Amino acid sequence: PCSQASLLYAQALGWVGSAIAACQFAPQLLATWRQRGSGALSYATYLLQTAGSLLVVLNQAVFQQDSWPVWLPVLVSAAMQACVL
């Protein structure tokens with residue numbers, strides 16, 4: 001098994017990754033909000049990303065029964081993507 005320091009390091013990396021994942025669409029969402037339109041976005045790409053993210057959340061939360069820090073950032077990202085659409 002892993003040492004306590006390794007586990008803490010892995011948990012810290014998980015939290016940083018979760019924070020980045022949760023914030024990754026914030027700039028596009030803010031720009032879309034300010035311009036009151038989405039401009040030159042690829043709606044197909046956003047639609048596929050949103051659907052894919054929701055499927056990942058479904059898998060992690062329901063089927064794998066992972067704890068909320070694993071799937072909540074992906075759900076937040078999916079909600080931001082859906083808002084842009």
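Predicted model: local features only at pLDDT ≥ 70, side-chain atom pairs only at ≥ 80, totals over all residues.
View 1. Threonine 32 belongs to helix α2, which spans residues 26–35. With a relative accessibility of 11%, threonine 32 counts as buried, because the limit for a buried residue is under 20% relative accessible area. A polar atom of the threonine 32 side chain lies 2.8 Å from the backbone oxygen of glutamine 28. When residues up to four places away in sequence are not counted, threonine 32 touches Gly37, Ser38, Leu41 and Val84.

**View 2. Leucine 41 in the loop between α2 and α3.** Leucine 41 is located in the loop that lies between α2 and α3 (43–63). The relative accessible area of leucine 41 is 18%, and the residue is therefore classed as buried. Apart from neighbours within four places in sequence, leucine 41 is in contact with Gln28, Thr32, Tyr46 and Val84. Leucine 41 and glutamine 28 are 13 residues apart along the chain, and their C-alpha atoms are separated by 9.5 Å.

**View 3. Packing of α3 against helix α4.** Helix α4 comprises residues 68–84 and packs with α3 at an angle of about 155 degrees, the two axes being 9 Å apart. The two helices, α3 and α4, are therefore roughly antiparallel to each other, and their crossing is left-handed. Residues of α3 in this contact include Tyr46, Gln49, Leu54 and Val57, and among those of α4 are Val70, Trp71, Leu75 and Val84. The residues of the contact of α3 with α4 comprise 12 nonpolar, five polar and no charged.

How values were computed:
Residues numbered from 1 in each chain as written. Heavy atoms only, no water. Helix = DSSP H or I, 4+ residues; strand = E, 2+ residues; numbered from the N terminus. Buried < 20%, exposed > 50% of the residue type's maximum accessible area, 1.4 Å probe, protein only. Polar contact = N/O pair within 3.5 Å; in protein donor to acceptor, adjacent residues only side chain to side chain. Contact = heavy atoms within 4.5 Å. Axes fitted to C-alpha atoms, helices over the stretch in contact; angles between N-to-C directions. Parallel < 35°, antiparallel > 145°, perpendicular 65-115°, else oblique. Left-handed = near helix turned anticlockwise from the far one by under 90°. Nonpolar A, V, L, I, M, F, W, Y, C, P; charged D, E, K, R; others polar.
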